[in-house]
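Hi everyone, thanks for making time. I'd like to walk you through one model today, so let me put it on the screen.

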Amino acid sequence: MTETEQHLRIELAACYRIFDMLGWSELIYNHITVKIPGDDEHFLINPYGLHYSEVCASNLVKVDVDGRVIDDTPYKVNPAGMLIHSAIHKARPDLHCISHLHTTAGMAVACQQRGLRTDNFYSVLLHNQVAYHDFEGLTVSPDEKQRLVANLGDKQQLILRNHGLLSGGSTLAEMFQNTWALQRACEIQVAADNTGQALISIDDDIANRSEELLRVQRSGMAVGELEFAAFKRKLDAQDTSYKL
Ligand SMILES: [Zn+2]
């Protein structure tokens, strides 16, 4: 195993534990994947059957973009998860990391006809950045891959209608930040809708300036680096068994 792969295994295992810490795990389902740099187009995924809190560097499973397990491992991978992640890793080499969530807020917004509205502080920052994919049932049919990839287009954020959320990033930290941003925007939309009060819309002019305003706020920092590092420190203070 290369040093790069070992490093990615530790980073990805930390990410699974952090997702769980944030309440984003779903029984033994859902996935976060990271591509291993190189010509082999291999990526790492969680072993099917383990809870996010049990994922560690050594039990992550290495698979190829067609979903075949490369490792000598006792674990299997989840066919539905493999389909989504392998399709996107294959079609979008710029997205090194992908997450998929079944959070209550994410699924609730995915069920709404208008999807994510740009009427809250976080959702307006995602103006024009979210793609949508219509529901086709459990994602186990290979012919859904092309529609999934076509619907994602060149975006990093995808709402799977009636289903859940998907976020990608060029690094693990960027994927983490994108996941957090989409999840948080959905949480606020659901909470605002639950007040039953009339909501204040946000002008298109402001929504259209979101990208520019975000650039100013980030002032050249790599997306998500500070945020992911902060959560890793929080995790390390509690439990470092993810490194095993
Ligand atoms: Zn799903």
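Let's begin with a loop: Y48 sits between β2 and β3. Keep in mind that this is a predicted model. Is Y48 buried, partly exposed or exposed? Its relative accessibility is 32%, so Y48 counts as partly exposed, since that class runs between the 20% and 50% cut-offs. Together with L27 and Y29, Y48 makes a nonpolar surface patch of about 300 Å².

Now over to helix α1, residues 3–21. Its 19 residues reach 27 Å from the first C-alpha to the last, close to the 27 Å expected. Quite a number of its residues are buried, among them L8, L12, C15 and F19. As a reminder, an α-helix has 3.6 residues a turn, so residues three or four places apart point the same way. What do the buried residues of α1 pack against? Their partners are the strands β1, β2, β3 and β4, plus the helices α5 and α8. After α1 comes G23, with a positive phi near 80°.

Last stop, the zinc ion. Which protein atoms are its donors? They are the NE2 atoms of H100, H102 and H163, at 2.0 to 2.1 Å from the zinc ion. Along the sequence, the donor residues follow the spacing H-x1-H-x60-H. H102 belongs to the loop between β4 and α3, and H163 to the loop between β6 and β7, so this pair ties together parts 61 residues apart in sequence. H163 counts as buried because its relative accessibility is 11%, and the cut-off for buried is under 20%.

That's my tour; happy to chat.

Methods: Residues numbered from 1 in each chain as written. Predicted model: local features only at pLDDT ≥ 70, side-chain atom pairs only at ≥ 80, totals over all residues. Heavy atoms only, no water. Helix = DSSP H or I, 4+ residues; strand = E, 2+ residues; numbered from the N terminus. Expected span 1.5 Å × (residues − 1). Buried < 20%, exposed > 50% of the residue type's maximum accessible area, 1.4 Å probe, protein only. Contact = heavy atoms within 4.5 Å. Patch = residues over 30% accessible without salt bridge, like charges linked within 9 Å, V, L, I, M, F, W, Y side chains within 5 Å. Areas by Shrake-Rupley, 256 points an atom, 1.4 Å probe, with all protein chains shown as cover. Salt bridge = Lys/Arg side-chain N within 4 Å of Asp/Glu carboxyl O. Donors = N, O, S within 2.8 Å, 3.2 Å for Na, K, Ca; no water.
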